[in-house]
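Hi everyone, thanks for coming along.

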Amino acid sequence: MDKFMIWGGERLHGEVEISACKNAVLPVLAAALLAETPSVIKKAPWLKDVDTMLLILQALGVTTKRSFEGDVTIDPTTLKSWEAPYELIRKMRSSIYVLGALLGKLGKAVVSLPGGCVIGPRPIDLHIKGLTQLGAAIEKRHGYLIAEAKQLRGARIFLGGPFGSSVGATIDIMLAAVKAEGVTVIESAACEPDVADVALFLNKMGAKITGAGTPTLTIEGTKELHGTEHTVIPDRIEAGTYMIAAAATDGDIALLGAEPRHLEAVIAKLREAGVEVFEEEGKIRVRSTGTKRPTDVTTLSYPGFPTDLQAQFMALMSITSGVSRIVEKIYPDRFMHVGELGRLGADMTMDSNSALVRGVPSLSGAPVMASDLRASAALIIAGLVAEGETLIHRVYHIDRGYVDIENKLANLGAKIRRVKAN
Ligand code: EPU
């Protein structure tokens, strides 16, 4: 397994290009199988999770092609199976999107249950509830979800869960509802830009979705969808990660192609922490000139502060003088990074779903273990500011969701090297 070696202490400076959004491109790829003709997803990010989604589509018989520039063609005319195997589904939770897409397209789906993961339990009750309300009969057998619907019919679906709205359930239900007979209304729908982007893609395919990006989504079912071309939105979590890295290293960087409207909570929190953020045409500039202030953060559904940046913000607060409190409201157990940040010298106390962070003057490099995608990003940020060498094990997590992170960081002046597995 590859590792990252980081020599801390460099201030990030320069420009970095933000890639297309992982959490939007994955459902968009699944959505493409709903059409009767091929679609092209322009400049899809080169990520392990994208590779996994393409393998799942191939296992269903869909023909996929990727150009040198990264454009992905999905040809659903060769779709021949409704069964998504465990070996692929287990690699990535978002493979559950083929459930909604296959139900919409074929009225049948056999999809391995995705299971939990290191950031905590990840139930799919809301997916099942919504699809059942559309008329699908769903049962769990031998680790698989077996779903069938003679005819999907539009319904009113309330999707609020114990931790707020669900991005995945909103999208999965939308994927099935676009082919249902009649009108579906999703109340308490997730408002994340990822949901709006998938809706935009589906509308370009001929679907009739209104209200995407608001808590009430209305979907008028259509009989046939056609292929289209789409460029996915920029990745706000990748952008937010570089913004926090710039803040932590007292750097000055410009994020090219980032969308400030998707990052308002993050920009507000960085400004509260004393970091300068400039929203310019087609880019965001982040500059930190030294002293920062402790800042409390509570993660919430969009437009709140994203859970996917909680770990990175904690790394920043760990070297910010004073005490800050970080509360996790989406995944109450998403604190695997706390112990590893502690190995680098961070001082934190956990209490249920919150962490009290007492800023220390400096961190010191050490070997650490990446536990999941965003925790890995937090460890990289900590490694960039730590004195001496930080060796991060298990960086395959980061390859799932950050395009070419070591080269992007190196171009910004970081001293980072991938140590290849033998
Ligand atoms: N939930 C339920 N029941 C469900 C579905 C979700 O109770 O049926 C709960 C979850 O356990 C969680 C909350 O609702 O407490 C929100 O979960 P959501 O369904 O929104 O998450 P998701 O769709 O599984 C996506 C992203 C995650 C991101 C969350 C929250 C993808 C592929 N994943 O997951 O991204 O953290 O939304 O914004 O879009 C990541 O990129 O590192 C990542 C984990």
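First, the term: a salt bridge here is a side-chain nitrogen of Lys or Arg within 4 Å of a carboxyl oxygen of Asp or Glu. Please keep in mind that this is a predicted model, where local features need pLDDT of at least 70, side-chain atom pairs count only at pLDDT 80 or more, and totals for chains, interfaces and linings use all residues. Residues are numbered from 1 along each chain as its sequence is written, and side-chain values use heavy atoms, with hydrogens and water left out.

Searching the whole structure gives 23 salt bridges. One of them joins Lys42 and Asp71, at 3.3 Å from N to O. Those partners sit 29 residues apart: Lys42 is in strand β3 (residues 39–42), while Asp71 is in the loop between β4 (63–66) and β5 (72–75). Helices (H or I, at least four residues) and strands (E, at least two) are DSSP runs, numbered from the N terminus.

How accessible is Asp71, buried or exposed? With 14% relative accessibility, Asp71 is buried, whereas Lys42 is partly exposed at 28%. By buried I mean under 20% relative accessible area, by exposed over 50%, and by partly exposed in between (1.4 Å probe, protein chains only).

Now on to another pair. Asp399 and Arg418 form a salt bridge, with their closest N and O atoms 2.8 Å apart. Asp399 belongs to helix α13 (residues 396–401) and Arg418 to strand β24 (residues 415–419), so this pair ties together parts 19 residues apart in sequence. Arg418 is buried, at 19%. Both also take part in a network of salt bridges that links Asp2, Asp399, Glu406, Arg418 and Lys420.
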